[in-house]
Amino acid sequence: MNSLSEMEVKEMLIYRISVYDLLRRLFLWEYSLELFKELISWAKTGQSGEVHESWAETELRKSLLTISTEEIQNSYNEIKIEYTRLFVGPYHLDTPPYESVYRSSNKLMMQDETLSVRSFYMENGYKINDSCKEPDDQVGIELEFMYLMSKKALDAFQEQSSEKLINLLSVQKEFMDNHLFKWLPEFCQDILKSSRNQFWKNISQFTKKFIEEDKGEIGQIQGMMKESI
């Protein structure tokens with residue numbers, strides 16, 4: 001495997017922040033119409049200098065490119081309605097956005113898995129915003145943790161603190177192994193099966209593919225940083 005250049009590492013770290021920011025906003029539904037318009041603009045710009053583009057990202061771009069300027073508001077409203085149906089209710093949820101529901105034997109919220117996630121957050125200095133009423137293991141909150149750790153990783157890189165960067169990436173890898181990878185692939189597959197909206201189908205594929213690739217890239221970056229120490 002060829003060694004990464006410093007510029008490639010920086011681009012990868014920036015890309016990770018942008019994707020985790022997108023995903024945490026979508027799954028917490030903090031995604032405004034203005035940001036949706038920005039996402040469509042992103043689709044129109046092409047690859048825009050990212051390190052690579054996965055098949056899932058290509059499909060996401062394609063779906064966004066089918067939305068005309070006149071359809072943006074209606075498409076946004078449909079996506080928001082589907083979010084409620086998939087992740088909020090009031091009826092039975094085929095895609096409950098909580099780790100504990102997927103991993104606990106009784107398939108309920110607020111189980112041992114929730115407490116384990118909360119403990120991991122506390123150990124790594126993450127405090128959920130007081131205005132958020134969701135359990136600690138809601139998918140958007142878990143992705144927000146990854147987003148904030150990714151920002152810290154970029155800061156460490158810019159400070160030229162290799163050991164700090166390696167440790168921050170190790171925290172993220174541990175969270176992936178102990179939490180995200182234990183349930184997120186199945187959750188994404190359930191969205192793909194249950195959603196009536198192509199945007200959410202593509203987001204589910206993109207999310208699953210991204211975290212798989214991200215874990216590999218974490219290892220690449222750590223390997224380069226270890227060589228530099």
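Reader: Where in the chain is W29 placed?
Author: W29 sits in the loop between α1 (6-28) and α2 (33-45). Helices here are DSSP runs of H or I, at least four residues long, numbered from the N terminus. The model is predicted: local features need pLDDT of at least 70, side-chain atom pairs count only at pLDDT 80 or more, and totals for chains, interfaces and linings use all residues. Residues are numbered from 1 along each chain as its sequence is written, and side-chain values use heavy atoms, leaving out hydrogens and water.

Reader: What is the phi of W29?
Author: Positive, about 45°, although W29 is not a glycine. Q160, also not a glycine, has a positive phi near 60°. Q160 lies in the loop between α7 and α8.

Reader: Are W29 and Q160 buried or exposed?
Author: Read relative accessible area with a 1.4 Å probe, protein chains only: buried is under 20%, exposed over 50%, partly exposed in between. W29 is at 16%, so W29 counts as buried. Q160 is at 70%, so Q160 counts as exposed.

Reader: Which peptide bond is cis?
Author: The one from G89 to P90, with omega near 25°. P90 belongs to the loop between α4 (72-87) and α5.

Reader: Which residues of α6 are buried?
Author: E113, T114, V117, F120 and Y121. Down the axis of α6, these buried residues fall within an arc of 125°, so they line one face. The arc uses directions from the helix axis to the C-beta atoms. They pack against α5 (99-103), α7 and α8, contact being heavy atoms within 4.5 Å. On the other side of α6, D112, M122 and E123 are exposed.

Reader: What follows just after α6?
Author: G125, with a positive phi of about 75°.

Reader: Which residues line the second largest pocket?
Author: Among them are E6, F157, Q160, L165 and M225. α7 (139-158), α8 (162-194) and α9 (198-228) each give two or more residues to that lining. On a 1 Å grid over the protein atoms alone, a pocket is an open set of points where a 1.4 Å probe fits, with protein on both sides within 12 Å along at least five of seven lines; lining residues have an atom within 4 Å of a point.
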